[in-house]
Amino acid sequence: MPGSNGLITTVELARILDRPDLRLFDCTTYLEPAPAGSTAPYLAVPGKHTFEAGHIPGADFLDLQGEFSDQNTELRFMMPATAQLEAAFGRHGLGTDSRVVLYSIGTPMWATRFWWMLRSLGFDNALVLDGGFDKWKAEGRAIETGPAKGYKRATFRAKPRPGFFVGKNDVLAAIADRNSVVVNALGPQFHRGLEPSRYGRPGRIPGSCNVSAATLLDPATRIFVPLVDAEAKFATQGLRKDKRVIAYCGGGISATIDLFLLHRLGYDNLTLYDGSMGEWAKDEALPIETD
């Protein structure tokens, strides 16, 4: 299938829309303000309404929080049990021989989150659409409306790979590990603790560097920056291929943009702190750092 190291362009996707093995998914979620008095940082609202208002022809919709996250924790978007994911992906027609293209609206982070999850399950035939639905629509390409037609149910058998997700104790240990780099994908104002955080205490994991996911995207088109530019941003923060990289953000979503580009640059010792600041900032036993 067309695509380059995890990425596919709108031109390439348009050429393969009629492939019977293609599984095309809109992954969009919206983070809406939580009600007054709520301890939740936000409400996770599936993007089903915008999907039905317009989507790439043939696409199905994936509800990250509703179907593909752990329902037994207050934290949003946490990686659930493998059996839950096998059943959910199977319901959406994803089988061993499927060719998957993932996209989202506004930001690719919902698509890269699913890409990271699928890789952790041993599935490597997934690509992220560069520029997402925004670029597709801006180019005047064909759009469908209405509910998803879906794909024929399939059997998805995972082959889980260790090390793709870590918890707070692993991150705590990595702070003092010279062979590890912890990178924060949130904006610099949140990294430095200069603005209040919706997750709890402001600031960052001590010793972590900052490569904001937003700086890895073109602000006008939402396509990924050239790899040479991404490599320079990571290098200035001390990331090297001989070190283990632990990425985090607010809820384990935007950090997958960093991980996606690091993977494309040839980094292979990568992991995601799934709880991210949604967990860390609320736990008073964990250290936090500000400028």
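Select Gly266 to begin: this residue follows helix H10 and has a positive phi, near 95 degrees; helices (H or I, at least four residues) and strands (E, at least two) are DSSP runs, numbered from the N terminus. The model is predicted, so local features need pLDDT of at least 70 and side-chain atom pairs count only at pLDDT 80 or more, while totals for chains, interfaces and linings use all residues. Residues are numbered from 1 along each chain as its sequence is written, and side-chain values use heavy atoms, with hydrogens and water left out.

Now select residues 255-264, which make up H10: ten of the ten are buried, so the helix is largely enclosed by the rest of the structure. Among them are Ala255, Asp258, His263 and Arg264; buried means under 20% relative accessible area, exposed over 50% and partly exposed in between, with a 1.4 Å probe and protein chains only.

Next, display the sheet, an open one in which five strands with parallel pairing follow the order S1-S7-S6-S2-S5; two strands pair if DSSP finds at least two bridges between them. Strand S1 (7-8) and strand S5 (60-61) stand at the edges with a single partner strand each, so one side of each has no neighbour in the sheet. Zoom in on S6 (residues 99-103) and S7 (residues 126-129), which run parallel and are joined by three bridges, and find Val100, whose bridge partner in S7 is Ala126.

Finally, select the cysteines: a search of the whole structure finds zero disulfides, a disulfide being a pair of cysteine sulfur atoms within 2.5 Å. For Cys27, the nearest cysteine sulfur is that of Cys249, 16 Å away.
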